[in-house]
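Here is a short report on side-chain packing and contacts. The sequence and model come first.

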Amino acid sequence: TGASCAAGSSNTTTAGWAELRRPLRVAWAVHAYVGAALCLLLALGCIAGLGGTILQRPPRCALLLGAMGLLLAASLLRGAFLLLDPYGARGWLPPRCMLLLCSVPFTLLLGAFALLLGRLQRAAQLCLLPPSLGGLPALGVAAVLQCVAPVAADLLWPRWGLGAGLA
């Protein structure tokens, strides 16, 4: 008991893997290309939203434009990552480039979320932060620091950063 891999036993896993190899390859391609298509569709929605925001000029227009610009950049980077070399499966991109394409969209999404929260806070007339910390310059500095720190961690110390599984 306890020795399931005894010497001389036949390996039925190999036969099962041979049967599953083709369907898994198709599922992987569908996952990568449908994900890329959804990212590019989101980018088209962002372009339409940017155009509508510029034409309508709603209150707090700068926050909306910033959020949609960040979302556009994130969706284009993620779509490019999935189309060019999904998760490094093809080996076409250098590891550092792959780390950037994998980690930067996440930080851009967090920045867009922060801008939208700022717009919601102003629309609801909430005062969560002092006026000196709630303005666009302070938000911009925080967003730059938030983006630079993980990217620097990925580039300088790839084993510890967000893309540690890709290195």
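Which backbone oxygen does the side chain of Thr107 reach? The side chain of Thr107 reaches that of Val104, at 2.8 Å. A polar contact here is a pair of N or O atoms within 3.5 Å; within protein, one must be able to donate a hydrogen and the other to accept it, and residues adjacent in sequence count only if both atoms are side-chain atoms.

This is a predicted model: local features need pLDDT of at least 70, side-chain atom pairs count only at pLDDT 80 or more, and totals for chains, interfaces and linings use all residues. Residues are numbered from 1 along each chain as its sequence is written, and side-chain values use heavy atoms, with hydrogens and water left out.

Thr107 is found in helix α3, a DSSP run (H or I, at least four residues) numbered from the N terminus. Thr107 counts as buried because its relative accessibility is 5%; the cut-off is under 20% relative accessible area with a 1.4 Å probe, protein chains only. Not counting residues up to four places away in sequence, Thr107 touches Gln146, Cys147 and Pro150 (heavy atoms within 4.5 Å).

Two nonpolar cores follow. Each is a set of buried Ala, Val, Leu, Ile, Met, Phe, Trp, Tyr and Cys residues joined through side-chain atoms within 4.5 Å.

| Core | Size | Residues |
|---|---|---|
| Largest | seven residues | Ala36, Phe81, Leu82, Leu93, Met98, Leu101 and Cys102 |
| Second, separate | six residues | including Ala43, Leu50, Met68 and Leu72 |

In the largest core, α2 (61-84) and α3 (95-123) are the elements that give two or more residues. α3 gives the most, with three residues.

How values were computed. Buried means under 20% relative accessible area, exposed over 50%, partly exposed in between (1.4 Å probe, protein chains only).
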